[in-house]
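The following exercises concern a single protein chain. Please work through each task before reading its solution.

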Amino acid sequence: MVHVHIPEEIIVEILSRLPVKSILKFKLVCKLWNSLLSDPRFSLATKGREHAIFWCSGKRCFSSLDHQYAIREIPRQCWDQRHLDFLGSCNGLVLFSTYDTSYDCYSCCYFYLLNPSTRSFRGLISFSSRMLYGENRITDYPVAYGFCFDKLSDDYKAIMVYYSLSFPSQRALVFSLKRGTTLREVSLPYRLRGTGVLANGNLHWIDENNQEIIDGDLIVCFDEATNRFSKLPPPAVVRGGNEPIYRLGVLDGCLCMSRYTAGGYTFKCELFVMREYGVKESWATLCAISGGANLRSVRGWEPLFFTKSGEELLISGSYSILAYNVQTKSLKEIHTYSGRASFVGPLRYVESLIPAGKF
């Protein structure tokens, strides 16, 4: 019998390209493979590992969309609350909150971590609205949020932005998930909304105060190491148009920004990519789509990820998921939400083996 020796580095390279579901099974093959796959230094090949997660309040379940257009329900814990918000994704982990509406619009908030790839799950901490926002809040719920990882402190952080009667501007709370405490509270001269987009280790939002200002900087950045907010230069060409709508995303690790404008019976969608982070001159136009009523569903569109071949870009529209073919410049609808109000998301995440209960 001939024994073939395969170098360890070749084994690691092969295993890194397999689906997470297969990798979890291969841990049981032998002690060597279990040791290799359990090593914190083991990392997955990144190409084709992007997904998007949804929450359906009617079914009270999560679903995941992959680069092959397949949508699969994710086995999950049961939650009594119908109301759920995605706060962000980082390193393959999804941070979300559920909240109780029995007596107040946002009377108690619960934080959870989920790894959709491995199905690992962890409840983190709960806060009453008074603990979170004090007595002087204007809104009963956060208007913007984010999730990131600080390498220096080896800590995941959650950011919650809200309005307060005591201050004319928004306030942001920065939470340490490791400590379960508030690290910082800061006043913001910006108007943020929705889930922050993670690129280059930092979180980003559109400043809604500056959407109509010709020379204003649109993009707000949160530095995970310093816990400070600042501005990032937008594309120089992004101005004009009737009631433009801006959204942020990440494609191949680069920060990108979409712009939707309407004029009469024509609509236009543009996508810009920052090739070199922080460098204004590195912004480039990835695509521009013009059309009539067929583009109404792309209103407020957000780029999700490319298919594995790189030929099509998946886009989240107002009521559907669409695929834009980069070569033919054609747009097709691949999934329509049945009752948009019952869905939350989609939120982009990347497959990983990091357990939700690691810290």
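**Exercise 1.** Is Glu270 buried or exposed, and what is its relative accessible area?

*Solution.* The model is predicted, so its local features need pLDDT of at least 70 and side-chain atom pairs count only at pLDDT 80 or more, whereas totals for chains, interfaces and linings use all residues. Residues are numbered from 1 along each chain as its sequence is written, and side-chain values use heavy atoms, with hydrogens and water left out.

Step 1. Set the cut-offs: buried means under 20% relative accessible area, exposed means over 50%, and partly exposed lies in between (1.4 Å probe, protein chains only).

Step 2. Glu270 has a relative accessible area of 11%, so this residue is buried.

Step 3. Consider the partner. Glu270 forms a salt bridge with Arg259, and the closest N and O atoms are 2.7 Å apart. The term requires a side-chain nitrogen of Lys or Arg within 4 Å of a carboxyl oxygen of Asp or Glu.

Step 4. Strands (E, at least two residues) and helices (H or I, at least four) are DSSP runs numbered from the N terminus. Arg259 is buried too, because its relative accessible area is 6%.

**Exercise 2.** State how many salt bridges the structure holds, and examine the pair of Arg49 and Glu351.

*Solution.* Step 1. The total is 10 salt bridges.

Step 1. In the pair of Arg49 and Glu351, the closest N and O atoms are 2.5 Å apart.

Step 2. Arg49 lies in the loop between helix 3 (31-38) and strand 1 (50-56), and Glu351 in the segment after strand 25 (343-350); the pair therefore ties together parts that are 302 residues apart in sequence.

Step 3. Both Arg49 and Glu351 are buried.

**Exercise 3.** Which residues are linked with Glu208 in a network of salt bridges?

*Solution.* Step 1. The network consists of Arg191, Arg193 and Glu208.

Step 1. Within it, the side chains of Glu208 and Arg193 meet at 3.8 Å, N to O. Glu208 is in the loop between strand 14 and strand 15 (219-223), and Arg193 in the loop between strand 11 (181-188) and strand 12 (194-195), 15 residues apart.

Step 2. Glu208 is partly exposed because its relative accessibility is 23%. Arg193, at 42%, also counts as partly exposed.

**Exercise 4.** Determine the order of the strands in the open sheet of 4 strands, and identify its edges.

*Solution.* Step 1. The order is 13-14-15-16, with antiparallel pairing; two strands pair if DSSP finds at least two bridges between them.

Step 1. The edges are strand 13 (197-199) and strand 16 (228-232): each has a single partner strand, so one side of each is left without a neighbour in the sheet.

Step 2. From one strand to the next, the twist averages 35 degrees, taken between N-to-C directions on a scale from 0 to 180 degrees, with axes as lines fitted to C-alpha atoms (for helices, over the stretch in contact).

Step 3. Strand 13 pairs with strand 14 (residues 202-206) over 3 bridges, and His204 of strand 14 is the bridge partner of Val197.

**Exercise 5.** Which residue takes a positive phi in the hairpin of strand 23 and strand 24?

*Solution.* Step 1. Strand 23 (residues 320-325) and strand 24 (residues 330-336) run antiparallel and are joined by 6 bridges. Ser320 has Thr336 of strand 24 as its bridge partner.

Step 1. The hairpin has 4 residues between the strands, and Lys329 takes a positive phi near 60 degrees.

Step 2. Continue with Tyr69, which is not a glycine but has a positive phi of about 75 degrees. Tyr69 is found in the loop between strand 2 (61-65) and strand 3 (71-74).

**Exercise 6.** Which residues of the largest nonpolar core touch the most other members?

*Solution.* Step 1. A nonpolar core is a set of buried Ala, Val, Leu, Ile, Met, Phe, Trp, Tyr and Cys residues joined through side-chain atoms within 4.5 Å.

Step 1. Of the 18 residues in the largest core, Leu95, Leu113, Phe147, Tyr156 and Leu177 touch the most other members. The largest share of this core, 4 residues, comes from strand 9.

Step 2. Apart from this core lies another, of 17 residues, including Phe222 and Phe229.
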